[in-house]
Amino acid sequence: MTLPRRVTVFEVGPRDGLQNEKAAIGVDDKVALCDALLDAGLPAVEVGAFVSPKWVPQMAGSDEVLKRVRKRPGARTPVLVPNRQGYERAREAGAREIAVFTAASESFNRKNINASIDESFERFAAFVPDALRDGAWVRGYVSTCFGCPYEGPVDPAKVVEVARRLADAGCHEISIGDTIGVGVPTQVTDVMGRLAEAVPRESLAVHFHDTRGTALANVLAALQSGITIVDSSAGGLGGCPYAPGASGNLATEDLLYMLHGMGIETGVDLAAVTAASRALAPRLDHPLPSRYVQAAP
Ligand code: HMG
Ligand code: MG
């Protein structure tokens with residue numbers, strides 16, 4: 001079995017996790033969570049989203065969070081940006097790394113950002129070139145790569161086409177999302193193999209939601225396909241407000257436990273991530289979904 005020696009863990013909890021929480025989490029708690037995750041050695045922590053607060057009220061205050069989070073040398077603190085208005089807000093708050101997002105299925109994209117896939121690229125064209133000129137690092141997300149809550153199966157050729165368009169638009173990294181957690185390892189091997197023929201393999205990340213318990217198996221399939229960047233969420237928080245039934249992301253703790261146990265380096269302190277998730281837990285109205293956190297003393 002060929003596995004990478006090192007994996008980059010891209011933490012999405014403060015964004016993908018908290019965007020779906022019913023309990024209102026204040027700016028102070030968000031900043032404390034982000035700081036603790038950065039202190040744990042995570043090389044990238046997505047700290048918020050400059051989307052419409054009418055659409056996703058949980059992400060209001062992302063400007064203050066971004067301004068207050070302690071920046072660590074070598075660590076990224078990206079924010080989600082859907083359009084020019086979001087980019088201007090992000091730039092004012094000092095964003096150096098941004099993430100744009102679209103999907104491989106039209107119906108999901110329409111529900112999520114009120115745009116067709118083509119229209120989302122028109123929106124990106126209105127600010128991504130400026131962001132690149134400003135020196136920003138840009139990530140692109142493709143949602144619903146393994147299935148859509150509205151359309152069902154998704155053609156892998158469509159995933160490849162959208163990923164290639166993101167690369168052509170200048171994205172440095174492209175995250176392949178299983179938004180509703182329906183993917184299985186054989187599908188991951190197929191999709192990642194096709195993608196690696198179209199865009200540089202080292203620019204590809206995987207983003208699994210653990211809705212049906214296949215996320216870690218999917219990570220293993222992705223690693224065997226040569227992928228070395230994996231998204232996860234502290235405590236296993238998460239979901240997308242516009243994807244019915246999309247429960248938690250793959251938990252960062254569960255991912256770290258598996259990677260470290262297989263001798264794969266991450267540079268991240270598992271105990272410190274667990275402590276960060278546990279410090280947030282009293283603010284939530286449910287237990288943390290992470291299996292590792294539940295089992296750890
Ligand atoms: P829209 O209603 O079509 O936008 O929403 P609009 O341009 O017609 O503007 C309507 C109003 O929104 C206006 O305000 C704008 O000013 C305002 P009004 O005049 O009514 O007072 N507005 C904004 N305000 C703040 N920041 C902005 C902004 N843009 C417009 N950037 C829009 C379009 C994209 C804004 C909306 O659909 C939206 O915010 N969607 C976000 C949905 C979202 O955040 N989903 C979750 C993240 S994606 C995800 O979780 C998947 C991922 O994890 C990967 C995976 O798992 O697959 C990444
Ligand atoms: Mg997600």
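What share of the 297 residues in the protein chain is buried? In this predicted model, in which local features need pLDDT of at least 70, side-chain atom pairs count only at pLDDT 80 or more, and totals for chains, interfaces and linings use all residues, buried residues make up 56% of the chain, where buried means under 20% relative accessible area with a 1.4 Å probe and protein chains only. Residues are numbered from 1 along each chain as its sequence is written, chains are lettered from A and ligands numbered from 1 in the order in which they are written, and side-chain values use heavy atoms, with hydrogens and water left out.

The protein chain contains 13 helices and nine strands, assigned as DSSP runs (H or I of at least four residues for helices, E of at least two for strands) and numbered from the N terminus. Its radius of gyration, taken over C-alpha atoms, is 17 Å, close to the 19 Å given by the globule rule (2.2 Å times the number of residues to the power 0.38), so the chain is as compact as a globular protein of that length. The C-alpha trace spans about 50 × 45 × 35 Å along its principal axes.

The magnesium ion (ligand 2) is coordinated at 2.0 to 2.4 Å by Asp16 (OD), His207 (NE2) and His209 (NE2), donors being N, O and S atoms within 2.8 Å of the metal (3.2 Å for Na, K and Ca), with water not among the atoms, so sites may look incomplete. Asp16, in helix H1 (residues 13-17), and His209, in the loop between strand S8 (204-208) and helix H10 (215-224), lie 193 residues apart and link distant parts of the chain. Asp16 counts as buried because its relative accessibility is 2%, and His209 counts as buried at 2%.

How values were computed
Buried means under 20% relative accessible area, exposed over 50%, partly exposed in between (1.4 Å probe, protein chains only).
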